[in-house]
Amino acid sequence: MLNLVLHVFDNTVRFYRLLISPFDDGEYAESRFFSTATPVLPVDPIEQSKRLAAYQAVDNHVKPEHRIIGIGSGSTVPYVVERIVQQGAAVNKGRVFIPTGFQSKQLIVEAGLSLGDVDQYPTIDVTLDGADEVDHALNCVKGGGACHLREKVLAEAAQTFILVADHRKNVQYLGTNFAQGVPIEVVPFAYAKVLQNLHHILGSPKATLRMAIKKAGPVVSDNGNFIIDAPFGREHMLDPYVIMAQIKMLTGVVEVGLFCKMAKAAYFGNADGSVTVRWQDGKVEQISPNQTAAGTPV
């Protein structure tokens with residue numbers, strides 16, 4: 001759910017306050033996008049860490065020559081858009097931004113950036129997206145916001161796919177902190193059958209249909225489908241690609257919220273102001289607080 005509020009000060013400075021739910025522990029995550037003023041550093045340490053990671057990722061991977069840019073979903077993404085806007089109108093002129101869902105579409109439109117669709121631009125220069133959890137091999141769980149089908153389309157369409165998150169999402173094995181399970185988008189007609197398959201064949205006896213908050217009935221994705229959350233044990237997460245393929249083969253499954261062997265790098269903002277970067281080749285880079293991009297001009 002997204003709530004957009006416009007504030008005006010002295011008829012010049014405007015900012016948009018977005019309340020986005022559910023993310024992380026199901027609580028509202030508040031972020032701010034300033035359209036005509038330099039943004040202030042969030043006071044909350046988790047929000048600050050998200051901003052650190054987002055700024056560093058944009059500075060390293062969204063280059064002036066990039067024309068088609070994918071914008072993902074989640075509580076880190078407003079800071080991605082914020083930093084892109086700071087690159088300036090001249091750089092963003094002629095760029096097209098492809099959203100993964102309603103939230104990112106609204107961010108693109110309200111920022112005054114050009115909106116496009118993957119139908120028009122099936123090849124994307126770079127896609128930046130959040131994650132619910134990322135392991136040391138850059139496999140990740142996505143779908144806490146029920147956008148993982150469109151997120152995976154944009155990830156596969158991108159020449160470079162970059163993950164951005166706070167330090168809580170940096171884990172050795174998937175399922176460490178994100179305990180609700182692997183999000184699975186299914187056609188409504190097949191959800192009961194898929195649940196039975198997960199319970200009795202694939203080893204997820206606690207798989208459940210995700211129910212909506214402040215709405216009677218299940219969560220419905222932007223594509224009109226249902227979401228199943230399927231927890232798996234550590235043995236399945238040692239190589240998540242295997243269980244991803246097995247789930248994907250079930251009739252009725254549209255997409256699985258496991259993104260395996262796709263990301264080039266993952267950026268994690270840390271509580272001490274540093275940023276940890278994990279690369280596809282296994283390299284780990286630590287950027288100290290005085291070297292990070294947050295709070296500095298582009």
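In this predicted model, seven strands make an open sheet: 7 strands in the order E5-E4-E6-E9-E15-E16-E17, with mixed pairing. Strand E5 (96-99) and strand E17 (284-287) are the edge strands, and each pairs on one side only. From one strand to the next, the twist averages 20°. Strands of a sheet pair through backbone hydrogen bonds, either parallel or antiparallel.

E5 pairs with E4 in the parallel sense, over 4 bridges. Within this pairing, isoleucine 69 stands opposite phenylalanine 97 in E5. In a regular strand the side chains alternate between the two faces of the sheet. E5 can be read that way: Val96 and Ile98 point one way, while Phe97 and Pro99 point the other way. All of these residues are buried.

Move on to E6 and E9. Strand E6 (residues 124-129) and strand E9 (residues 158-166) run parallel and are joined by 5 bridges.

Helix H2 (residues 77-86) lies across strand E4 (68-71), E5 and E6. H2 runs at about 150° to E4. How many of the 10 residues of H2 are buried? The count is 8 of the 10, so H2 is largely enclosed by the rest of the structure. The buried residues are Val77, Pro78, Tyr79, Val80, Val81, Glu82, Arg83 and Ile84. After H2 comes glycine 88, whose phi is positive, near 105°.

Now follow the chain past E9. Asparagine 177 lies in the loop between E9 and E10. Asparagine 177 and glutamate 133 are 44 residues apart in sequence, yet 7.5 Å apart in space, C-alpha to C-alpha. Which residues does asparagine 177 contact, leaving aside its neighbours within four places in sequence? They are Glu133, Arg168 and Val171.

Beyond this loop, look for another sheet. Here 4 strands form an open sheet in the order E11-E12-E10-E13, and the pairing is antiparallel. E11 and E13 stand at the edges with a single partner strand each, so one side of each is left without a neighbour in the sheet. E10 and E12 are joined in the antiparallel sense over 5 bridges. In that pairing, glutamate 185 stands opposite isoleucine 227 in E12.

Helix H6 packs on this sheet, touching E10, E11, E12 and E13. The direction of H6 makes about 10° with that of E12. Helix H8 (240-248) is also part of the picture. H8 lies across E10 and E13 and runs at about 165° to E13.

Which residues of H6 are buried? They are Val194, Leu195, Asn197 and Leu198. These residues cover an arc of only 160° around the axis, which puts them on the same side of H6. What covers them includes strand E10 (182-186), strand E11 (208-209), E12, H8 and strand E13 (253-256).

Next, the aromatic rings. The model has 3 aromatic pairs. One of them joins tyrosine 191 and phenylalanine 226. A pair of aromatic rings is described by the distance of the centres and the angle of the planes. For tyrosine 191 and phenylalanine 226, the centres are 5.7 Å apart and the planes stand at 65°, so the pair is edge-to-face. The cut-off for that label is an angle over 60 degrees. Tyrosine 191 lies in helix H6 (residues 191-200) and phenylalanine 226 in strand E12 (residues 226-230), so the pair ties together parts that are 35 residues apart in sequence.

Tyrosine 191 has 30% relative accessibility and so counts as partly exposed. Phenylalanine 226, at 15%, counts as buried. The cut-off for buried is under 20%.

Finally, two lysines sit over rings. Lysine 152 lies over the face of phenylalanine 259, at 4.9 Å from the ring centre. The charged end of lysine 261 sits over the ring of tyrosine 241, 4.7 Å from its centre.

Terms used
Residues are numbered from 1 along each chain as its sequence is written. This is a predicted model: local features need pLDDT of at least 70, side-chain atom pairs count only at pLDDT 80 or more; totals for chains, interfaces and linings use all residues. Side-chain values use heavy atoms; hydrogens and water are left out. Two strands pair if DSSP finds at least two bridges between them. Helices (H or I, at least four residues) and strands (E, at least two) are DSSP runs, numbered from the N terminus. Axes are lines fitted to C-alpha atoms, for helices over the stretch in contact, and angles run from 0 to 180 degrees between N-to-C directions. Contact means heavy atoms within 4.5 Å. Rings of Phe, Tyr and Trp (its six-membered ring) pair if their centres lie within 6.5 Å; planes under 30 degrees apart count as stacked, over 60 as edge-to-face and the rest as tilted. Buried means under 20% relative accessible area, exposed over 50%, partly exposed in between (1.4 Å probe, protein chains only). A charge sits over a ring if NZ of Lys or CZ of Arg is within 6 Å of the ring centre and within 35 degrees of the ring normal. The arc is that of the directions from the helix axis to the C-beta atoms.
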